[in-house]
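Here are my notes on the model, point by point. Please read them with the structure open.

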Amino acid sequence: MDFVSPVLDTVKCLWDCCDKRAVYIRELPENLKSLRNEKEELENVYKDVKKRVEDERKLQKEIKHVVTGWIDSVEAMEREVNDILTAGEGEIKKKCLGTCCPRNCRASYKIGKMVSKKIDAVSQLCRKADNFQEVAASLPTPPVSQVAAPLPTPLVIEVAAPLPTPPAIEAGAAPPPPPAPAVIELPLENTVGLDSLSDKVWRYLQDDKVTTIGLYGMGGVGKTTLLKRINNEFFKTNIEFDRVIWVVVSKSASVEKVQELVLRECGCLDNRWKGRSEDEKARDIYNILKTMKFILLLDDIWEPLNLLKIGFPLLNDQNKSKVIFTTRFLNVCEAMGAESIKVECLKFKEAFALFQTVVGEATLNSHPRIPKLAKIVVEECKGLPLALKIAAAAMRGKTTPQDWEKNIKLLQSYPSEVPGMENDLFRVLALSYDNLSKAKWPKTKSCFLYCSMFPEDWEISCKQLIELWIGEGFLHEFHKIHDARTEAEDIIDELTLACLLESNQSKTHVKMHDVIRDMAMWLAGENGKKKNKCVVKEPGGWIEGHEIAEWKETQRLSLWDNSIEDSIEPPNFQNLETLFASGESMRSLPTRFFARMPVIRVLDLSNSELTDLPAEISTLITLHYLNLSKTEIQNLPVELRNLTELRCLILDDMEKLETIPSQLVSSLSSLQLFSLYASLGCNGDWGFLLKELENLKHVSEISIPVRSVLHAQMSANSQHLRRSIRRLSLQDCTGMKTMEISSYLQILLVWRCFDLTDVKINLEKGRGQKFSDLSEVEIVRCPKLKHLTLVAYARNLLSLTIEYCESMQEVIVEDEEIGISEVEQCSDAFSVLTTLRLSYLSNLRSICGGALSFPSLRELTVKYCPRLRKLPFDSNTNCLRKIEGEQHWWDGLEWEVQAIKHKLNQHFVPK
C-alpha cells in the first residue's frame, strides 16, 4: 500500500493547481464588475486632478513631472481596461449552451487572471493621487534671452536720429499708445487634437532660453487654428503681457505692409502714419513697443522676416517679449532662430472626431451603414484637418448609403470633383507648389509633380527617384552623374522643407501625403482639365483594351502591379514620355506593345515577372532610362544596342540573367550610369564588361559584381573605371591578398576572399584628403583579414558589417601603415555611423583604441565575439536605440564608467 501515498500527493497537487485556475474562471463575472467599479473611481479621481492641472496652467505654473506621468499612466490604463472589459464580457457570452461552463477554459482563465491583476493595478494607481497635495510649482517671470541669430540692420543706430514727423506728433516723440485692449479674442471653432501641441508651446513660453517659436507644417494642417487658440488662451489667462499683437503676414507681404498691420494692431490711427517712410514707421513701432512686454503672433510667413527692420525691439532680458509664428517651411523657422514645432496630421481617432463635428450627428445616424462609410471618407483624408472639414461639409445632409458610396468613389478617383475640394483645398495647398524655386532649379515643380506617379502611401527610394529625374532630363546637364545627384538631393531637401514631401529618418526614402498627391495629380492634369495627361492606375488592376484606347493623349502612364490584356491592339502612344509597368502582376506584354511610342524617354519594368523583352524595344530610340531590375529576364536582346540615346541602364538583382551580348554595352554611346549590382548570372562575374565600359567616355557611375582577381585588378588599374565604380561587390577572389579600393567608392561588399589580409585606399593626386563617399561596407568570410583601419577615414560611413573574420583582433589599428600618406588620423571617425554589426569574430578584442562618442549610432549587433570585453563608447553616445548580443557577453563587459552601462542597459536585447 506504500504506492497509495505518492499517488494521493500527486492528485492533491494537481487539484490545488486546477482549483487556483478555476477561481479565475468562476469569479470572472464578479471580478469584471469590480474592475468596472475601480475604473469608474479612477476616472473620477482623474477628472479632479485634470481640473486642478488646467487651473494651475492658466496661472502659468509648471506642472510637476510626477503628475503628468500619472495622467499619462491613467490614460494608458483606461485603454487597457476597456480592452479587457470588452474581452471579458465577450468570453462570458461564449459559455456552452445550457451550462455555465466556458467553451474555451484556457481563454477564460487567461482573461480572468488579467482581470484580477488589473483590479489591483487600477486601485494602486488611484491611491497614488492621494499624494498630490500640490500639482504644480510656481514659476518666476521668465527672463527672455536674445534671439539666437539676430539679423543685422542699421535700425538700431537710426532709432535715436530725429526724423520728420507729421504735425500731429512732436519731433522725436513716439505716438502715444491708444487705450486698446491687450488681447483681442479671435473667433475659433472647437479644436481637435491640438492639446499636446498647445502644451508644448506654453512650455516654451515658460522657458527662459526660448524667445522665438515657429509652428510649421503642410497647408491645411491646422497651424493657424493652433495660433488662434494660443491667442485666446492669453485672453482667458490674463497673463502678464502688455499687448498681444496678431498679424496675418501672407505670401506677398512686404516690410511696409507688415508695418501698417502692426500699427493698426497697436491702435494707431491711419493719419498718424500714412505717407511716412519705412524707416519712420519702424521708429514709430519701436517707440510704441520698447517699454512693453509683448507677444507677437505672426500667421502665414513665407519668407524669413527681419523683425528689427519692421521696428520690433530686440528680444532681451529687459522687455521679456516673445514671438510665435506659423509657416509652411522648416527653413523659415531655422532662418529666424526659432524653436521649431511641427504640426502633424491628426491620428484616426482625432480625425474622425473632427469629421463628426462637421458632418453632424443627424447625418451620421441617419442609416446604420453610414458610420462605416464615414470611416472610409476619414481614411481617405489621411488626417489633414482642412480635407476632413471639406469632405464632411460635402457629405452633410446625405442620408442614404448610395449617396455616400457615390461620393467615396468620386473622392478616390477624381477628388477635385468633390464639392469644395478644388477651390478650398487644392488651390490652398498649391500655394506651396507655386512658391517653389524657379531661378536655381527650373524643373523643381516638374520634380515634385513626378512624385505623384508612384502609388498611394508609397515609400519612394530617393536613389531611384533621382535616376528617374536624370532620365527625364529634369536636372541640369552634367558631365558626371554624381553632380546631378547633388542637385537632385538639394531639390528633395527643398520639397521636404516645404512639407510637400516627408522624409524618413535616414533620408533614403520620401513619401507624399495622399492629399498632397491628389493635389499634385490635379496640377499635373492642368488643374483637372486634362485627366488623362498623367494616368496612375492603383496596384492590383486588370488593364483592358478600351482603357488603353482612352490614353492615346497620355504623357505619363504608371501601371504599378497591374496586368494587361494580351489580345489588345498595339497602343498608339504618340505623346507618351514615361511608362512605369512594374510589379509582380506584370507577367507579359502584348505583342508589339512598344511599336508606337516615338517620344518615350523613361521605361521602368522593374520588379515584374517578365521573362523576355520583345524585339521592337529597339524602336525606342528616344529612350534615356531603362530599368529591368528584379525581373525574370534571362537574356538581353541584341537589339538594345540601337538605344544610342540611353543614359541610364539599370539591371540590379536580376538573378536569372545569363547573357549580355558582346558589344551591346559599348554600343550605348550616351550611357552615363550602368548598374548590374547583385545580379548573379554568368556565375556572378560580369567583370568582362569592364573593358566595354572603360571605352564609354560618358560613363561616370558603375555598379558591378566581380569574381576574379584579374577583373578586380582591372578595375583598380584603370583610372576611368576607378573613378566611375561606385558600388563594387567582390566575391570568391581566391589568391587576392591585398586589395586597394578607390576613394570614389560608395558601397563595398567583400565575400569569401579567403586569402585577403589587407584593404587599402587609393588616394589619387588632385583628390587631396577626400575619402567622403564610402557609406556602406560589408566584409564576410575573409578569415585572414587582420583589421579594417581604412573605415576610420570614411567620414560618411553609415553602415559597417564584419562577419567570420577569424584573424581580426582590432577593427581599427592605431598608428598602422595603411597606405595613406596624406591623411592624418581622423578625429571624427564613425561620426555618422548608424549601424554596426560584428558577428563570429572569435579573436576580436577591440573596435578601436580609445573611447568615441558614436553620436549617430542607433543599432549595434555583437554575436559570438567572446574576447570583446570593452565597447568604445563615451558619455556622449546618446542615439543608441538597440544593442543585440548574448546575455553572458553583455554581463561580462568591462566599463571604465559604470554610468555609461546604466544608460545603455535599457537598449540591450539578448539574443
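**Notes on the predicted model**

1. R229 and D195 form a salt bridge, with their closest N and O atoms 2.9 Å apart. R229 belongs to helix α7 (residues 223-237) and D195 to helix α6 (residues 195-205), so the pair ties together parts 34 residues apart in sequence. R229 counts as buried, at 15% relative accessibility. D195 counts as partly exposed, at 48%. Keep in mind that this is a predicted model.

2. A second salt bridge joins the side chains of D755 and K784 (3.6 Å, N to O). This pair links distant parts of the chain, 29 residues apart. D755 sits in the loop between β23 (747-751) and β24 (758-762). K784 sits in the loop between β25 (776-780) and β26 (799-803). With 41% relative accessibility, K784 counts as partly exposed.

3. E896 and K870 form another salt bridge, and here the closest N and O atoms are 3.8 Å apart. E896 is in the loop between α27 (887-891) and α28 (898-905), and K870 is in the loop between β28 (859-863) and β29 (882-885), so the pair ties together parts 26 residues apart in sequence. E896 counts as exposed, at 73% relative accessibility. K870 counts as partly exposed, at 41%.

4. E379, K382, D457 and D514 belong to one network, joined by salt bridges that share partners. The count of salt bridges comes to 35. As background, side chains of opposite charge can pair when their charged atoms come close.

5. Now the helix pair α15 and α16. Helix α15 (residues 370-381) packs with helix α16 (residues 385-395) at an angle of about 145°. Their axes are 9 Å apart. The crossing of α15 past α16 is right-handed. Which residues meet there? V377, V378 and C381 of α15 meet A387, L388 and A391 of α16.

6. Helix α22 (residues 514-524) is mostly covered, with ten of its eleven residues buried. Among the buried ones are D514, R517, D518 and W522. D514 is also a member of the salt-bridge network with E379, K382 and D457. The cover over the buried residues of α22 includes α15 and α16, along with α18 (421-434), α19 (444-450) and β11 (534-537). Just after α22, E526 has a positive phi of about 55°.

7. Where do the buried residues of helix α25 (residues 709-717) lie? They are H711, A712, S715 and A716. These residues cover an arc of only 140° around the axis, which puts them on the same side of α25. L710 and N717 are exposed, on the other side of the helix. The general rule is that an α-helix has 3.6 residues a turn, so residues three or four places apart point the same way.

8. The packing partners of α25 include both helices and strands. Its buried residues pack against α24 (690-694) and α26 (719-724). They also pack against β20 (701-706), β21 (725-731) and β22 (738-742).

9. Strand β23 is largely enclosed by the rest of the structure, because four of its five residues are buried. β21 and β23 run parallel and are joined by five bridges. In this pairing L728 stands opposite L748 in β23. β23 and β25 also run parallel, and five bridges join them. There the bridge partner of I747 is E776 in β25.

10. A three-stranded open sheet has the order β8-β10-β9, with antiparallel pairing. Which strands stand at the edges? They are β8 (460-461) and β9 (502-503), each with a single partner strand, so one side of each is left without a neighbour in the sheet. Two bridges join β9 to β10 (residues 509-511). E502 stands opposite K511 in β10.

Key: Residues are numbered from 1 along each chain as its sequence is written. This is a predicted model: local features need pLDDT of at least 70, side-chain atom pairs count only at pLDDT 80 or more; totals for chains, interfaces and linings use all residues. Side-chain values use heavy atoms; hydrogens and water are left out. Buried means under 20% relative accessible area, exposed over 50%, partly exposed in between (1.4 Å probe, protein chains only). The arc is that of the directions from the helix axis to the C-beta atoms. Contact means heavy atoms within 4.5 Å. Two strands pair if DSSP finds at least two bridges between them. A salt bridge is a side-chain nitrogen of Lys or Arg within 4 Å of a carboxyl oxygen of Asp or Glu. Axes are lines fitted to C-alpha atoms, for helices over the stretch in contact, and angles run from 0 to 180 degrees between N-to-C directions. A crossing is left-handed if the near helix is turned anticlockwise from the far one by less than a right angle, and right-handed if clockwise.
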